[in-house]
Amino acid sequence: MNIYYYVHTGHRFGLDRFRKASAIIRALDAKNIKITLLTSDFRIASVAKEYGIKKAIGIDVIRNIPNIAPMG
């Protein structure tokens, strides 16, 4: 099962949201629950591996989430 976690971030705001999300994802990854992080800032998605997140995708608008994450 794929779980997607969306975090609304930006280059001027939302870094604390990303830090909280990375802690949650690391904790769940320790329990073998695989989560894909979706962020609205491509720069944060590119450096997410430094925070221990294995899979992160940057999306430009929230309407693109159905193109990445299938229903169900």
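1. Contacts of Thr36. In this predicted model, Thr36 touches Ile3, Tyr4, Tyr5, Lys55 and Ile57, not counting residues up to four places away in sequence. Thr36 lies in strand S2. Is Thr36 buried or exposed? Thr36 is buried, because its relative accessible area is 8% and the cut-off for buried is under 20%. Tyr4, one of its contacts, stands opposite Thr36 in S2.

2. The sheet around it. Strands S1, S2 and S3 form an open sheet in the order S1-S2-S3, with parallel pairing. S1 covers residues 3–7 and S3 covers residues 56–58. Both stand at the edges with a single partner strand each, so one side of each has no neighbour in the sheet. From one strand to the next, the twist averages 25°. In general, strands of a sheet pair through backbone hydrogen bonds, either parallel or antiparallel.

3. How the strands are joined. How many bridges join S1 to S2? Five bridges do, and the two strands run parallel. Strand S2, residues 35–39, is joined to S3 by three bridges, again in parallel.

4. S2 is mostly covered: five of its five residues are buried. Which residues point which way? Ile35, Leu37 and Thr39 point one way from S2, while Thr36 and Leu38 point the other way. In a regular strand, side chains alternate between the two faces of the sheet.

5. Helix H1 against the sheet. H1 spans residues 15–30 and packs on the sheet, where it touches S1 and S2. The direction of H1 makes about 165° with that of S1. Ala21 lies in H1. Ala21 counts as buried because its relative accessible area is 1%, against a cut-off of under 20%. Leaving aside neighbours within four places in sequence, Ala21 is in contact with Tyr5, Val7 and Leu37. Ala21 and Tyr6 are 15 residues apart in sequence, with their C-alpha atoms 8.8 Å apart.

6. Helix H2 and Ile44. H2 runs over residues 42–46 and contains Ile44. Ile44 counts as buried, at 6% relative accessibility. What does Ile44 contact, leaving aside its neighbours within four places in sequence? Its contacts are Thr9, Gly10, Leu15, Phe18 and Thr39. Ile62 is 18 residues from Ile44 along the chain, and their C-alpha atoms are separated by 16 Å.

7. A nonpolar patch. Met1, Ile3 and Ile33 form a nonpolar patch on the surface. Together they have about 320 Å² of accessible area. Ile3 lies in strand S1. Ile3 is partly exposed, with a relative accessible area of 31%. Ile3 is also among the contacts of Thr36, and Thr36 is buried.

8. The backbone at Asn32. Most residues other than glycine have a negative phi. Asn32 has a positive phi of about 60° although it is not a glycine. Where does Asn32 lie? Asn32 is in the loop between H1 and S2. Asn32 is exposed, because its relative accessible area of 64% is over 50%.

9. Salt bridges around Asp29. Side chains of opposite charge can pair when their charged atoms come close. The model has three salt bridges. One joins Asp29 to Lys34, with the closest N and O atoms 3.3 Å apart. Asp29 counts as buried at 17% relative accessibility, whereas Lys34 counts as partly exposed at 45%. The side chains of Asp29 and Lys54 also meet in a salt bridge, at 3.2 Å from N to O. This pair links distant parts of the chain, 25 residues apart: Lys54 is in the loop between H2 and S3, and Asp29 is in helix H1. Lys54 is exposed, with a relative accessible area of 59%.

10. Asp41 forms a salt bridge with Arg43, the closest N and O atoms being 3.7 Å apart. Asp41 counts as buried at 9% relative accessibility. Arg43 counts as exposed at 53%. Which residues do salt bridges with shared partners join into one network? They are Asp29, Lys34 and Lys54.

Definitions and conventions
Residues are numbered from 1 along each chain as its sequence is written. This is a predicted model: local features need pLDDT of at least 70, side-chain atom pairs count only at pLDDT 80 or more; totals for chains, interfaces and linings use all residues. Side-chain values use heavy atoms; hydrogens and water are left out. Two strands pair if DSSP finds at least two bridges between them. Helices (H or I, at least four residues) and strands (E, at least two) are DSSP runs, numbered from the N terminus. Axes are lines fitted to C-alpha atoms, for helices over the stretch in contact, and angles run from 0 to 180 degrees between N-to-C directions. Contact means heavy atoms within 4.5 Å. Patches are made of residues with over 30% relative accessible area and no salt bridge: like charges are joined within 9 Å, nonpolar side chains (Val, Leu, Ile, Met, Phe, Trp, Tyr) within 5 Å. Accessible areas come from the Shrake-Rupley method with a 1.4 Å probe; for residues, only the protein chains shown count as cover. A salt bridge is a side-chain nitrogen of Lys or Arg within 4 Å of a carboxyl oxygen of Asp or Glu. Buried means under 20% relative accessible area, exposed over 50%, partly exposed in between (1.4 Å probe, protein chains only).
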